[in-house]
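Have a look at the model below before reading on.

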Amino acid sequence: MLSILIIDDTPGKIEILKNFIFSNFDEIHESDIDVVSTTNDGLNAICRKQYDLVLLDLFIPKRKGEKESPKYAAELLELINELENVKTPAHILGITRMTEIPTEFQETFSNELWALLKYGEDSSAWEDRLERKLAYLIRSKMQLIDNPDYNYDVAVINALQEKENEMIRCWDDCDWQEVKGIPDDTVTFYEAVLEKEGRKIRCITAYADRMGMVATAVLTTKVINYFRPRYVFMTGICAGISKEKANFGDVIVAESVIDGASGKYANKGEEHIFVPDYKVINTPAGFLNKIRKLKEDKNLMEKIRNMNRPKVVNPDHTLKVIVGPVASVPAVVADKQVIESLKGQERKLLGLKMEAYGMYYAVEHSMKPHPLIVASLKSATDFADANKSDEYQQYGAMTSAELLYHIILKELDFGR
């Protein structure tokens, strides 16, 4: 429940503290408490792990074998504030047997708003104060777990940096800036603020380092854990089933996403076959209803189609938005037999989106607060056959990005 570090070099006092904690709080276990006997070891522990509470003996040595002094405890507090690699503890309590604490050390604690406990085996005053502090920390942490708040409003996940994420960062009146201070050097996150009727909409976006469900599921999980978004979307390009269902650049909004790789390989006589066991995750019905209304807005479709973006080649047909089932498969498909196999399970299949199921699965199994909506909006730029071309990829990335931009500003509720 709580992660506690005791920095103390008196074994008897350490045992009294631990026994007091365990006897009063069933939520705290032996594995929740770490103990070190010097301020150097304490600093190393704080650099490795985030603690909810540090109990710091004021009369403590800096290293093993050295003389105890309260100046080392004061130095440790200064280092906690100064060093960048420290995982700053939520609370620090100083514990001392000293009947008279030097003024400069009292000021060190009071300046940081940390409390001092005067420990004594013949007095219970320290027990009452420590018990209240622990009860407060447990209650606060339980409320954080049970009733977390959203931090960002919208997260946009992309499978590709070029085309897909670039088009998100082309949104009008949107100044994307790289997010600093995230403990992750494998992903670059960008944030921006949109305004809607005086309400600031916080947006976050990132792209995976490779295509595929696994990379997208990991990225989506990171975005949810770091930023706690209210809504999660994916834009970009995908393979359509046929031009009749979705032409170049038409936006396919997933009604449901099928895991097209779910199943088993088996033998049928001498033939090796794949026996599907497809898993499906649905997009929230309320969001799909908004899309079905939007697709009838011809002015909006024409506006998106004619957006002025670099390297975009517009096809010679009107823009459409189509709602229907899509499938995620682990590789680019250029074989109509694969399509026919998938259509055998879902005859209304509209497209193939390699990453969509990974995003949906990550959202469905995410930590609280769960995003309220997860939706994939990707535009068809080929038709899962050997005749692949990149002519309309920029256009497809643009149409899906601009449709989402309109949805964010005009269609979503941000809990005002």
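At roughly what angle do the axes of helix α6 and helix α12 cross? This is a predicted model, and in it the axes of α6 (residues 161-168) and α12 (residues 393-410) cross at roughly 35 degrees, coming within 8 Å. On the α6 side you'll find Lys163, Glu164, Met167 and Ile168, which meet Gln393, Gln394, Ala397, Met398 and Ala401 of α12. Sorted by class, that contact has 5 nonpolar, 2 polar and 2 charged residues.

Helix α12 also meets helix α9 (residues 298-305). Here are the two pairs:

| Helix pair | Axes come within | Rough crossing angle |
|---|---|---|
| α6 and α12 | 8 Å | 35 degrees |
| α9 and α12 | 9 Å | 135 degrees |

With axes crossing at roughly 135 degrees, α9 and α12 are therefore oblique to each other. The crossing of α9 past α12 is right-handed. Leu300, Ile304 and Arg305 of α9 make this contact with Tyr395, Met398, Thr399, Glu402, Leu403 and His406 of α12. Its residues split into 5 nonpolar, 2 polar and 2 charged. As for α6, it passes α12 in a right-handed crossing.

Now over to helix α8 (residues 285-294), where Phe287, Leu288, Ile291 and Leu294 are buried. Looking down the axis of α8, these buried residues fall within an arc of 115 degrees, so they line one face of the helix. Ala285 and Lys293, on the other side of α8, are exposed. What covers the buried residues? The cover includes α9 and α12, along with strands β10 (229-240), β11 (251-259), β15 (321-328) and β17 (373-382).

How values were computed. Residues are numbered from 1 along each chain as its sequence is written. This is a predicted model: local features need pLDDT of at least 70, side-chain atom pairs count only at pLDDT 80 or more; totals for chains, interfaces and linings use all residues. Side-chain values use heavy atoms; hydrogens and water are left out. Axes are lines fitted to C-alpha atoms, for helices over the stretch in contact, and angles run from 0 to 180 degrees between N-to-C directions. Helices (H or I, at least four residues) and strands (E, at least two) are DSSP runs, numbered from the N terminus. A crossing is left-handed if the near helix is turned anticlockwise from the far one by less than a right angle, and right-handed if clockwise. Contact means heavy atoms within 4.5 Å. Ala, Val, Leu, Ile, Met, Phe, Trp, Tyr, Cys and Pro count as nonpolar, Asp, Glu, Lys and Arg as charged, and the others, Gly among them, as polar. Angles under 35 degrees count as roughly parallel, over 145 as roughly antiparallel, 65 to 115 as roughly perpendicular and the rest as oblique. Buried means under 20% relative accessible area, exposed over 50%, partly exposed in between (1.4 Å probe, protein chains only). The arc is that of the directions from the helix axis to the C-beta atoms.
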